[in-house]
Amino acid sequence: MEDSFGHRISYLRVSVTDRCNERCRYCMPEEEQPWFAKEDTLTYEEMTRVVRVGATLGIKRIRVTGGEPLTRPGIAEFCGELTKIPGIEGVGISTNGTLLAKTENGVTLAERLVKAGVRTANISLDSLDRATYQRTTSRDLLPRLLEGIDAAIAAGFDSIRLNCVLMKGQTERELPALIEFAREKNALLRFIELMPVSTLEVLSEENFLPVATAKKLVEQTTGPLISEPDFKTNGPALYHRIPATGQRIGFIGAMTNLHFCENCNKLRLTCDGKLRPCLGSYLEFDLRAVLRGGCTDAELAAFFQNVVARKPKEHDFRDNYQPNRKMIAIGG
């Protein structure tokens, strides 16, 4: 599938729930968040069918997201079903990490995911300071997150990526510690600019830390970073290497990188069955109604293609964008 701007779509992010055991201020609003009713959430069978049809159209990689995907029962088994679909080359998961060490019959959830065929784990790590972490997430779960990271390492994921959302007045003082922690854990660390995905107010001058500023601060400790433009994962991060250690770190600048959207290859499926061609756009299309209306696979494929045809050239985040739904209800 290719849109009118040359974006070749090969990546689908699948949100399995809007529920989360944390309440990060850049993801969820402070006011009460209404949850989707169970009957409004796609079943695993419906999601699997969507992925199976998408795979016939060129979808090759899946990232399972939430909310917090590990709060939904049966998540490892669902991921295992996705890995069996012809054409799917990789399944990854995005998580806050606090449930990865949870055990069932002596087996951690991280181990169950790896045994199901999940190859990569993106884990949120915004702070290594317990008080700061609690202030950011409204939960005192940093010890459980650190246990989860260790459980992920022990489980044997092919790649573990630690994602840190840059927060002005917070992240600056933690940059060296985060980098050293990622080096010790042999994990790929990425710094992500704040985006207006909960409320517009969160994206204030008081909170916003550009990736260029973060990079300069890093270089005060490491010396000049070496750009690695040819190193890619499956997203928009720009990677650099620390000369002294060879450690690689990434920067994701959705707000300040004017070329951010040029190589976008993804669609997003929300847990309530909306197919979104862009995170930073109001556009979303009701796939659930089509699924539950008795569509054929051919009609489902045509729906995919129509959504791709409407994919915008770039996101609207820089235009005083006010999200019509919060990040928690889109999928991280």
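1. Is T108 buried or exposed? T108 is buried, because its relative accessible area is 14%, where buried means under 20% and exposed over 50%, with partly exposed in between (1.4 Å probe, protein chains only). T108 belongs to strand 5 (residues 107–108), strands being DSSP runs of E of at least two residues and helices runs of H or I of at least four, numbered from the N terminus. Beyond its neighbours within four places in sequence, T108 is in contact (heavy atoms within 4.5 Å) with L100, A101, K102 and T103.

2. This is a predicted model, in which local features need pLDDT of at least 70 and side-chain atom pairs count only at pLDDT 80 or more, while totals for chains, interfaces and linings use all residues. Residues are numbered from 1 along each chain as its sequence is written, and side-chain values use heavy atoms, leaving out hydrogens and water.

3. A nonpolar core is a set of buried Ala, Val, Leu, Ile, Met, Phe, Trp, Tyr and Cys residues joined through side-chain atoms within 4.5 Å. The largest one has 77 residues, of which L12, I62, V64, I75, F157, L162 and F191 touch the most other members. Apart from it lies another core of 15 residues, including Y26, I192, A254 and L279.

4. With neighbours within four places in sequence set aside, the contacts of L12 include V50, V51, I59, I62, L267, L269 and L275, and also the charged residues R61, R63 and R268.

5. Helix 5 (142–155), strand 7 (159–165) and helix 6 (175–185) each supply at least two residues of the lining of the second largest pocket.
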